Amino acid sequence: MVPPATDRAAQLFTSTYQRPARWLGSAPGRVNFIGEHTDYNDGFVLPFAIGQRTAIAVAEEEEPVVKLVSEFAPGEVVEFPLAEVTSAAVPGWARYLQGVVVRLVEKGVRVPGFAAAVASDVPAGGGLSSSAALEVALGSALEGLSGSRLDRAELALLAQWAEHHYAKVPCGIMDQFASVMGREGHLLLLDCRTQEVQPIAWRDDGFSILVLNTGVSHSLAGGEYAKRREQCTLAARALGVASLRDATLEQLTSSRSLAPILFRRARHVISENERTLQCAAALETSDWERAGALMFESHYSLRDDYEVSCAELDALVEIAEQLGEERGVLGARMTGGGFGGSVIYLVAAAAAAEVQALATAAYERRTGRVSRSFITRPAAGAGVQELA
Ligand code: GLA
């Protein structure tokens, strides 16, 4: 058995720097149950934190320098003076971390020179927010080291800032909020306008989420994500609302001037916000069939109106439809930004392992690709512990 990321980060710290770490920050990846491409439209999302975490072991350095090592770049220690943090040239994986340090310093947090070691169980490029987990894990570790505890929303927004400015991905707030605020046994209904979080209990142990990776790596930095954001802004402007959160389907259908493509983009966002609220209500009353049906509808809308799916994501959803309720599959949809990444199935817990075997075999027959998959339920958010 491979030890968990928390153990590996501490071991990597010791083997790299020849001394033990002092603090261990860790943060989970996330699955979004429903509410896709709504966060940057001031809308609603319903994610939850998964059990897989990214862990970062840190300790203070005597000199004002930053040293970073990751198990994904073995043997490569990135080092720069703390005073040069804003401009230091670092490899891609370290930019997320650099951005977090820059923002903490800007916020007046006293960050000392430090060494860090990164390990992660969140698969990269799988649509499970490995980048948010990385940012939030470092933010948490440095909270321990600096002795300043940030407000939870502030930590999430700081991580999002790092993603915008240092990874150059214009993401919304969902991933970082889910990673920071995840709560065991709960989904988070997040109002992205007010940033209010309402925990929604996963009420029934009889159901689980099966996560199936397409094996197609998505890249949000690729222009499509930014293009969707831009189209939403244009659609909101044409409808005369501050953001698509404020528009209704009636308003949309009665508008005459909207270009067909903007109409479809807006229809996805407006209907997805409704589905997300309906889904939260269904989960509150344990109406799992309704929640599953809403997941399928969400997927079709993302595929047809928003056009962020791909053949592999669609294949996994079609396999879910074929397996159907008789096999214990109630719903399925792509999760995350799209263009690859993962699909989630809502499954009866007793049938989950069998569905996993059937679905991965069917996917391989159909696409020639191997799907890495796991069964999960909502897990805890970010945290930090003192090691010594
Ligand atoms: C990515 C972004 C999120 C969100 C989703 C789509 O995961 O990081 O902010 O926009 O895509 O729902």
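Student: Which residues of α5 are buried?

Tutor: This is a predicted model, in which local features need pLDDT of at least 70 and side-chain atom pairs count only at pLDDT 80 or more, while totals for chains, interfaces and linings use all residues. Residues are numbered from 1 along each chain as its sequence is written, and side-chain values use heavy atoms, with hydrogens and water left out. Helix α5 (residues 174-181) is largely enclosed by the rest of the structure, because seven of its eight residues are buried, where buried means under 20% relative accessible area, exposed over 50% and partly exposed in between (1.4 Å probe, protein chains only). The buried residues of α5 are Met-174, Asp-175, Gln-176, Phe-177, Ala-178, Ser-179 and Val-180.

Student: Which element has the lowest mean pLDDT?

Tutor: pLDDT is the predictor's confidence in each residue, from 0 to 100, and the protein averages 96, with 99% of the residues scoring at least 70. Elements here are DSSP runs numbered from the N terminus, helices being H or I of at least four residues and strands E of at least two. Strand β2 (residues 44-45) has the highest mean, 99, and the lowest, 96, belongs to helix α7 (residues 249-254).

Student: How are α2 and α4 oriented to each other?

Tutor: Helix α2 (residues 92-106) and helix α4 (residues 152-166) pack at about 120° with their axes 8 Å apart, the axes being lines fitted to C-alpha atoms, for helices over the stretch in contact, and the angles running from 0 to 180 degrees between N-to-C directions. Angles under 35 degrees count as roughly parallel, over 145 as roughly antiparallel, 65 to 115 as roughly perpendicular and the rest as oblique. The two helices α2 and α4 are therefore oblique.

Student: By class, which residues make up the contact of α10 with α11?

Tutor: Helix α10 (residues 311-323) and helix α11 (residues 352-367) pack at about 130°, with axes 10 Å apart. Ala, Val, Leu, Ile, Met, Phe, Trp, Tyr, Cys and Pro count as nonpolar, Asp, Glu, Lys and Arg as charged, and the others, Gly among them, as polar. The contact of α10 with α11 accordingly has nine nonpolar, two polar and three charged residues.

Student: How are α9 and α10 oriented to each other?

Tutor: The axes of helix α9 (residues 288-304) and α10 come within 12 Å and cross at roughly 150°. That angle makes α9 and α10 roughly antiparallel.

Student: Is Ile-270 buried or exposed?

Tutor: Ile-270 lies in helix α8 (residues 260-284), and, leaving aside residues up to four places away in sequence, it touches Leu-244, Ala-247, Thr-248, Leu-249 and Leu-252. The C-alpha atoms of Ile-270 and Thr-38 are 8.4 Å apart, although 232 residues separate them along the chain. With 3% relative accessibility, Ile-270 counts as buried.

Student: What is the phi of Phe-339?

Tutor: Most residues other than glycine have a negative phi. Phe-339 sits in the loop between β10 (329-335) and β11 (342-348), and its 26% relative accessibility makes it partly exposed. Although Phe-339 is not a glycine, its phi is positive, at about 60°.

Student: Where is His-37 found?

Tutor: His-37 also is not a glycine, yet has a positive phi of about 60°. With a relative accessible area of 5%, His-37 is buried. His-37 is found in the loop between β1 (23-32) and β2.

Key
Contact means heavy atoms within 4.5 Å.
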